[in-house]
Amino acid sequence: MENRETVNAIIAQLKNPPDEYKAAYESLSEYYDGYLTFTGLAINATGSLNTFTAEFDTINAQCLHCYQVMQFYLQD
């Protein structure tokens, strides 16, 4: 829970990015949405093992995709 509060505080500071960073910011926003869902699974797990696993796998794939896109924007 402490990590989530730290991440929330950092994301709250990231507002109105310059035009050159808007695409990277959008990617980060998508990743953040996945992060919230991911941590929500850990904090408040519901459903059966099968539904939990299916949701976990879906969110994991989405987060991985967003992470890979962010890596693209961080290249020199």
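Colleague: Which pattern does the chain follow when it is read along the sequence, and how many helices and strands does its secondary structure hold?

Modeller: Helices and strands are DSSP runs, numbered from the N terminus, where a helix is H or I over at least four residues and a strand is E over at least two. Read along the sequence, this chain follows the pattern α-α-α, and its secondary structure comes to 3 helices and 0 strands. This is a predicted model, in which local features need pLDDT of at least 70 and side-chain atom pairs count only at pLDDT 80 or more, while totals for chains, interfaces and linings use all residues. Residues are numbered from 1 along each chain as its sequence is written, and side-chain values use heavy atoms, with hydrogens and water left out.

Colleague: What box do the C-alpha atoms fill, and what share of the residues is buried?

Modeller: Taken along the principal axes, the C-alpha atoms of the chain fill a box of roughly 45 × 25 × 15 Å. Buried means under 20% relative accessible area, exposed means over 50%, and partly exposed lies in between, using a 1.4 Å probe and protein chains only. By that reading, 16% of the 76 residues in the chain are buried. Contact means heavy atoms within 4.5 Å, and among contacts between residues at least 6 apart in sequence, 63% join residues at least 24 apart.

Colleague: How does the span of α3 read against the expected value, and which residues of α3 are buried?

Modeller: The expected span of a helix is 1.5 Å times one less than its number of residues. Helix α3 has 26 residues and reaches 36 Å from its first C-alpha to its last, close to the 38 Å expected. An α-helix has 3.6 residues a turn, so residues three or four places apart point the same way. In α3 the buried residues are Ile59, Cys63, Cys66 and Met70, and what covers them includes α2.

Colleague: Where does Ser27 lie, and which residues is Ser27 in contact with beyond its neighbours within four places in sequence?

Modeller: Ser27 lies in helix α2 and is buried, with a relative accessible area of 6%. Leaving aside neighbours within four places in sequence, Ser27 is in contact with Cys66, Val69, Met70 and Tyr73. Thr39 also has its place in helix α2 and is buried at a relative accessible area of 17%. A polar contact is a pair of N or O atoms within 3.5 Å; within protein, one must be able to donate a hydrogen and the other to accept it, and residues adjacent in sequence count only if both atoms are side-chain atoms. For Thr39, a polar atom of the side chain lies 3.1 Å from the backbone oxygen of Leu36.

Colleague: How many disulfides does the structure hold, and how far from Cys63 is the nearest cysteine sulfur?

Modeller: A disulfide is a pair of cysteine sulfur atoms within 2.5 Å. The structure holds 0 disulfides; Cys63 is in none, and the nearest cysteine sulfur, that of Cys66, is 6.5 Å away. From the side of Cys66, the closest cysteine sulfur is the one in Cys63, and the 6.5 Å between them is too far for a bond. Cys63 is buried, with a relative accessible area of 8%, and Cys66 is buried too, at 7%.

Colleague: How many aromatic pairs does the structure hold, and how are the planes of Tyr31 and Tyr67 set?

Modeller: Rings of Phe, Tyr and Trp (its six-membered ring) pair if their centres lie within 6.5 Å; planes under 30 degrees apart count as stacked, over 60 as edge-to-face and the rest as tilted. The structure holds 5 aromatic pairs. The rings of Tyr31 and Tyr67 have centres 6.4 Å apart and planes at 45°, so this pair is tilted. The pair links distant parts of the chain, with Tyr31 in helix α2 (residues 22–43) and Tyr67 in helix α3 (residues 49–74), 36 residues apart. Tyr31 is partly exposed at 27% relative accessibility, and Tyr67 is partly exposed at 40%. In the pair of Phe72 and Tyr73, the centres are 5.4 Å apart and the planes at 70°, so the pair is edge-to-face. Ring pairs also link Phe38, Phe52 and Phe56 into a cluster.
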